[in-house]
Each structure stands twice: as C-alpha cells, then as structure tokens.
Amino acid sequence: MGSASDWDVMCPACTTLEEFGIPYEKRVLSAHRNPGPLAEYVSSAPDKGIEIIIAGAGGAAHLPGVIAALTTLPVIGVPVKSKALNGLDSLLSIVQMPSGIPVATMAIDGARNAALYAVSILALKDEILSEKLKEFRKKQSDKVLNTII
C-alpha cells in the first residue's frame, strides 16, 4: 500500500487471502516518497515466489501503475477512498493506464475483491485452490438463496 493510512482499506485483502490459505507479504511503499525501494521490491518479487501484486493507493494513486511498469507480474489496483474526491481521483488514476501496461482495477475500497481476483488467477494452476474457490462461491450463492425477507 502507498501509505500506512491505507491499511484499513487493504486489511480485507489480507483476511481473504488467509481464508484461502494463501501466503502473502504486506508492505508500505510509496511510488512518490520512496521509488527506489519500491523498484527494488518489485524487481525482486518473482525471485521470492510472488506471483501477483495487489496495490492499494489513494489520491494520485500511482502505485499500481508504477508497479505494473516495473514488472510483468499481474497487478491488481485498489483505489482508496480519498477525502477530497471520495476516491474518484484514485479510481481514475489506476484505471487510466496506457496501452501495454495493464492494471486490473477494483472498485473504490475493493480490497476483498482484489484478493478474490488474485485467488481466481492462482486457482487456474492449483486444483485445491480452485475447489476452495468453488466452495466459497457456492456458500455465497446459498446464502442469497436462503435469505428470508
């Protein structure tokens, strides 16, 4: 995440990854305040076995785009709601990437969906994870079907 203040938004991504038994790292690295350490972290990510990066940032929200420019790993961007523009600035900063440098962009404050999207990517090559995801979806569906109004 771009700032420690983004933690409340990004925490559900960690919780969701834990629910699926997926190990992860969490870091505060700013695209603007410490681009050198960010570039170093991103360039070393594949060697550490990292397969996907979820990046959350608010305001100018350049973090996911800068990361995507530095790696070929899939990058999932989470726009963090900002005080000034309610996160619209963050959303537009992440979703408007130039051609050739894609970032999968979630809804404003959509860290849980970012984690679920990462799970779906990882499940493509992991049968056990794929079954866990199918069960998660079934439980969601059953909950809706069993809702009494």
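Author: The model contains an open sheet of 3 strands in the order β1-β2-β3, paired in parallel. The model is predicted: local features require pLDDT of at least 70 and side-chain atom pairs pLDDT 80 or more, whereas totals for chains, interfaces and linings use all residues. Residues are numbered from 1 along each chain as its sequence is written, and side-chain values use heavy atoms, without hydrogens and water.

Reader: Why do β1 and β3 stand at the edges?

Author: Each of β1 and β3 (104-105) has a single partner strand, so one side of each is left without a neighbour in the sheet.

Reader: What makes β2 and β3 a pair?

Author: Two strands pair if DSSP finds at least two bridges between them. Strand β2 (residues 75-80) and β3 are joined in the parallel sense over 2 bridges, therefore they meet the criterion. I76 stands opposite A104 in β3. Strands are DSSP runs of E with at least two residues, and helices are runs of H or I with at least four, numbered from the N terminus.

Reader: Which classes make up the lining of the largest pocket?

Author: The lining has 24 nonpolar, 2 polar and 8 charged residues. Here Ala, Val, Leu, Ile, Met, Phe, Trp, Tyr, Cys and Pro count as nonpolar, Asp, Glu, Lys and Arg as charged, and the others, Gly among them, as polar. The largest share, 4 residues, comes from α1.

Reader: What makes a residue part of a lining?

Author: On a 1 Å grid over the protein atoms alone, a pocket is an open set of points where a 1.4 Å probe fits, with protein on both sides within 12 Å along at least five of seven lines; a lining residue has an atom within 4 Å of a point. For the largest pocket there are 34 such residues, with L17, P23, Y24, E25 and I52 nearest its centre.
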